[in-house]
Amino acid sequence: MSAADSTLLRPRLLGRATVNTVVALSVLYTLLPVLWLVLAAGKNRDALFSSSLISLHDFSFVQNLSDLFAMDDGQYGRWYLNSLVYAVVGAAVGALVSVACGYAFDKYRFRHKEKLFGLVLAAVMVPQTVLALPLYLMASAAGLVNTFWSVFVPVLFNPFGVYLGRVFSQGYVPDEVLEAARIDGAGELTTYARVALRMLGPGLVTVFLFQLTTIWNNFFLPMVMLSDQDLYPVSLGLYAWNSSASVSPEYYPVVIMGSLLAVLPLILAFVLLQRFWRSGLTAGAVK
Amino acid sequence: MSVTAPDPAPALAPPSAAPARAGRTRTAARRRRLAACGALMTPFFALLVTVFLIPVGTAVYLSFFSADEPGLGFGPERTVFVGLRGYLAVLTDPTFLGGLATVALYCLVYIPAMVAGALALALLLDSGVVRLRAWAQLGLFLPHAVPGIIAALIWLYLYTPGISPVIELFARADITIDFLGLHTVIPSIVNIALWSNLGYNMVIFYAALQAVPREVLEASVVDGAGPVRTALQVKTPLIRASIVMVAMFTLIWALQLFTEPVLLSQSSPMINSRFSPSMYIYDAAFTRNNYGLAAAASVILLLCTIALSYAVTRWTSRADAPEEPR
């Protein structure tokens, strides 16, 4: 913002204080529950139910951490690994598939293209819960229920990623570059892999990040598909442990510690890939 | 699939080539391009068919049958065609209608609160008077990195007497509050969803506000509009596209309400196993093994989603109309 309009638009002092107070309160609203999670993760079971949060003399962070990985023969470590595989591999493959399709929608022309694109956009609207039962029946007919694939394959489908891929392709890959590659005699797919994909990098990372979040959050589909606890992602595992906690309260501290650890990968991904997803949000919203 | 004849437009043969040869090269180039286009699209459309089109078709198909055996339900000797009776059964089931009413109430509270809250915060952050703006944005965005089930877990504990410091604080002021009671359970769920998504939507609005041309804002100041009027009557209409998009996605997600109530139902008697339509579908399919009923409920939920999304776009484009000539 230029100096001229910042003086023009400057509200009075009272307004400024009010604005800052409202924003500060909102930030407290979003941060305090996370802070509670961090503090509560350091409490043992008795302290969780009795003492005040700030007192540090019942501090048992390390104890809780080792309890977490020891509970039920180290199930949590396995769930965590499952989630990482579902989310990281799934998001990587899914992003490549969606962006390739979005790129093709942008750069090639064929009949009924916009109708087909409309179908892709319509798929964004369909609730997961509507697809779950038929997917379960299909997986069960194929003998895939309660396997890795029953959860892994459906999450690859990301129609919004195709939309973003098309927007990014319009923005980042100039048609002239493709023309030049064609004149040089490069094959279409070679051009895509060697030239376009590199230009689409930031868009690819954005789609990857969005999908990573979605898959890491995924709860309904694993709940429908999986009965073998060894295949659970963290979300479903913590849900199962929380169900047990009302009967056996020794689960409370491990559920809280487990939740804290499950939050870390996404925070890490968002911080590391910050400059990419910001541009992705803008592309999705403004264009 | 779906890649049919191309438009004749793109012709890339060198202009010096003889016409016949040019024609042949052009056809060959076109064919190569279509093949490439097909190769790039095939993986996605294979997914679209297997995890989207066939399941939607299956749901519609199943909804016309009463199949009480587990399995695909295609076995002709056991499935009975019941026509629309499945839909009748769902629509006359008070627990399903109750679920629809719950979600309707939830949407009525949640969507306006979300859109207004995120928009207000984005406008405040865009006003240029907020200190530590980048930090404030980061703090507001943080809950988006918290998975839905864990957000629900955190808040469940914050709603649980004995663990929750919130309830303790209220108790010190002699206020007893039951966050999971009859009248508080929906606001409690709204709060979880609001907490999770407020910052994310704020960032979308903020990004859109950054794209508003500064001349427009200067013009409004010259016309004598104060900062509040500028925000509400100049900036807000200019980012209408983003507002519609956020409202739409919020609506689609809100209609699927499942994770939060399922988790809270472990601790609250106010939430039964058919609290929302999605929970009804899960209950019908996997607890009662009544696939026909679950499929009919799924199709109804799908139709509601499509109708409401359509209504949102229609309603907003009509609201646009009088302001169009600008």
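**View 1. Contact between chain B and chain A.** In this predicted model, 92 residues of chain B are in contact with 82 residues of chain A. On the chain B side of this contact, helix α1 (residues 19-63) of chain B supplies the largest share, 19 residues. By class, the side of chain B that touches chain A has 67 nonpolar, 19 polar and six charged residues.

View 2. An unreviewed UniProt entry assigns the feature "transmembrane region" to residues 34-64, 103-126, 138-159, 179-200, 238-258 and 291-312 of chain B. Two of these spans are described here. Residues 34-64 of chain B are 97% helix and 0% strand, and the end C-alpha atoms of the span lie 40 Å apart. Residues 291-312 of chain B are 100% helix and 0% strand, with 31 Å between the end C-alpha atoms.

**View 3. Helix α3 of chain B and the residue Gly128(B).** Helix α3 of chain B runs over residues 94-126 and has 33 residues. At 1.5 Å a residue, the helix should span 48 Å, and this agrees with the 47 Å between its end C-alpha atoms. Gly128(B) follows α3(B) and has a positive phi, near 85 degrees.

View 4. For chain A, the "transmembrane region" annotation in UniProt (unreviewed entry) covers residues 21-42, 84-105, 117-137, 143-164, 204-226 and 251-273. Again, two spans are described. Residues 21-42 of chain A are 95% helix and 0% strand, and their end C-alpha atoms are 31 Å apart. Residues 143-164 of chain A are 50% helix and 0% strand, with the end C-alpha atoms 34 Å apart.

**View 5. Contact between the two assigned domains of chain A.** The domain assignment divides chain A into domain 1 (3-60) and domain 2 (62-284). Nine residues from domain 1 of chain A and ten residues from domain 2 of chain A take part in the contact. On the domain 1 side, α2 (13-41) and α3 (45-49) of chain A each supply at least two residues. The most comes from α2(A), with four residues. The side of domain 1 of chain A that touches domain 2 of chain A consists of five nonpolar, two polar and two charged residues.

Definitions and conventions
Residues are numbered from 1 along each chain as its sequence is written. Chains are lettered from A and ligands numbered from 1 in the order in which they are written. This is a predicted model: local features need pLDDT of at least 70, side-chain atom pairs count only at pLDDT 80 or more; totals for chains, interfaces and linings use all residues. UniProt positions are given in the numbering used here, feature names are shortened, and annotations may be inferred rather than shown by experiment. The expected span of a helix is 1.5 Å times one less than its number of residues. Two residues are in contact if their C-beta atoms, placed from the backbone, lie within 7 Å. Ala, Val, Leu, Ile, Met, Phe, Trp, Tyr, Cys and Pro count as nonpolar, Asp, Glu, Lys and Arg as charged, and the others, Gly among them, as polar. Domain bounds come from an automatic or database domain assignment.
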